[in-house]
Amino acid sequence: MIRTAHRIAQVEEYYFSKKLAEVRSLDTPDYRTINLGIGSPDLAPSVATVQALIASAENPANHGYQNYKGILALRQGIADFYKKIYSVSLDPESMILPLMGSKEGIMHITLAFVNEGEEVLVPNPGYPTYTSVAKLAGATIRTYEMEERLDWGVDVKSLRKQDLSKVKIMWVNFPHMPTGRIASHHEMKELVDLARENNFLIVNDNPYSLILNNAPLSILSVPGSEEVALELNSLSKSHNMAGWRIGWVAGRKDFVEAVLKVKSNMDSGMFMALQQAAVEALKNDASWFDELNVVYRGRSVVVRQLLDELGCRYAEKQSGLFVWARVPQHVHNVEKWVDEILYGTKVFITPGFIFGDAGKNHIRISLCAPIEKMQEALERIREWKKKGTGQVQTKEKASI
Ligand SMILES: Cc1ncc(COP(=O)(O)O)c(C=O)c1O
């Protein structure tokens, strides 16, 4: 009997890895499932991006292993993007490391900085990967609340009263997923101050800053952040390139070098065509993002109608690719309720508990589906309600 390592007993298979297989199994040609669960943009990258990919892939010289640090043109493109969007200056030689998505960066940063038994501060609710990766690294998880009473902000004053001496990394994520909360510059400064006072690394995971947000903010714009902060960012959400796996980490030279030390032992560089296409994507202008946001704004209106239909409450202003909402009081088990909706309407929405217990009375609906699908989802939910909750539509009963 070959046993698996103890560390994998610490984590569950990623929720969506299992659940989406179940959702797909319900799909039939005459009655499709509508997946409003995940934040994988359905819109296309810019035309110039795709053309650059094709042109680069056609060059036989571009198919070999690549530099571990990525090509300078990509790091320069990221530096220009940071200057333009966040007014932050980064040295492309030493302060930027391209990654295959920001998700892998969570692992690399954790391995580079956290020893077994040290504490990692993670938001509740928050992106589950911060926790699972820290567990795999043998760290101790310590959660901090995103406070609903503070409109999902962080109560830095109460954190200040705690003993944070064992904390090695604090993960922050603004705009926050799943709540859609943005941070003001002042709030970000308070968090940076907290990290400086307690001498831990603070990492802002920032993939949503250009979606439904008029004030993109980088933690690296906070004075003093260079001592204690790193930032992860990505083309997945803002540039419609989730499947391309392109992100980066930015911050001070020695921190970035530590991450490179880990990463260069795990992969052998990013495909040249992806890098050259990313250079084009980073040039997308304001009008490209405006058009994108018009689409998401239109969709978010329908999602709110759907939430109204379900009796949920939500904050009007939310950034990012989701709408986060509190379920009605009569719902005591959100996981079961979401399944009733799924099996009754074939509409999949994400139960909030997967982001931590602070999300147990919430759901998250993605904006990554065409508006027609959302309207159809709304109609199905109206029908389902008319028939009484929990009832499967007769037409589909046989196929489920
Ligand atoms: C908060 C947050 N961070 C990181 C990621 C991963 O992004 P990437 O595609 O860049 O790995 C996601 C994706 O869902 C996310 O929601």
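Analyst: Gladly! Let's begin with a pair of helices: the axes of α4 (residues 102-113) and α5 (residues 128-136) come within 9 Å and cross at roughly 35°. Their crossing is right-handed. Please keep in mind that this is a predicted model.

User: What makes α4 and α5 count as meeting, and which residues are involved?

Analyst: Two residues are in contact if their C-beta atoms lie within 7 Å. On the α4 side, Lys-103, Ile-106, Met-107 and Thr-110 take part, and they meet Thr-129, Tyr-130, Val-133 and Ala-134 of α5. By kind, the residues of this contact divide into five nonpolar, two polar and one charged.

User: Why is Asp-151 called exposed?

Analyst: Asp-151 has 11 other C-beta atoms within 10 Å, so Asp-151 is exposed. You will find Asp-151 in the loop between β4 (140-147) and β5 (153-154). The phi of Asp-151 is near 55°, a positive value in a residue other than glycine.

User: And why does Arg-245 count as partly exposed?

Analyst: Buried begins at 20 other C-beta atoms within 10 Å and exposed ends at 12, with partly exposed in between. Arg-245 has 18 C-beta neighbours inside 10 Å, and therefore counts as partly exposed. Phi is positive here too, near 60° for Arg-245. Look for Arg-245 in the loop between β8 (229-234) and β9 (247-251).

User: What makes helix α10 mostly covered?

Analyst: Here the cut-off is 20 or more other C-beta atoms within 10 Å for a buried residue. Nine of the 10 residues of α10 (residues 272-281) are buried. Among them are Met-272, Leu-274, Val-279 and Ala-281. Those buried residues pack against α2 (47-57) and α3 (72-86).

User: Where are the cis peptide bonds, and what is omega in each?

Analyst: Pro-125 sits in the loop between β3 (119-124) and α5. Another cis peptide bond joins Met-177 and Pro-178, where omega is about 15°. The place of Pro-178 is in the loop between β6 (167-172) and α7 (185-198).

User: Which residues come nearest to the ligand?

Analyst: A residue is near a molecule if its C-beta atom lies within 6 Å of it. There are 13 residues around the ligand, and Gly-101, Ser-102, Lys-103, Ser-234 and Ser-236 come nearest. The shell divides into four nonpolar, seven polar and two charged residues.

User: How is the chain divided into domains, and how far apart are their centres?

Analyst: Domain 1 takes in 6-44 + 286-397, while domain 2 covers 47-281. The C-alpha centres of domain 1 and domain 2 lie 26 Å apart. Their contact takes 27 residues from domain 1 and 26 residues from domain 2.

User: Which elements of domain 1 give two or more residues to the side that touches domain 2?

Analyst: They are α11 (286-310) and β11 (322-326). α11 gives the most, with four residues. That side of domain 1 divides into 13 nonpolar, 10 polar and four charged residues.

Methods
Residues are numbered from 1 along each chain as its sequence is written. This is a predicted model: local features need pLDDT of at least 70, side-chain atom pairs count only at pLDDT 80 or more; totals for chains, interfaces and linings use all residues. Ala, Val, Leu, Ile, Met, Phe, Trp, Tyr, Cys and Pro count as nonpolar, Asp, Glu, Lys and Arg as charged, and the others, Gly among them, as polar. Domain bounds come from an automatic or database domain assignment. Axes are lines fitted to C-alpha atoms, for helices over the stretch in contact, and angles run from 0 to 180 degrees between N-to-C directions. A crossing is left-handed if the near helix is turned anticlockwise from the far one by less than a right angle, and right-handed if clockwise.
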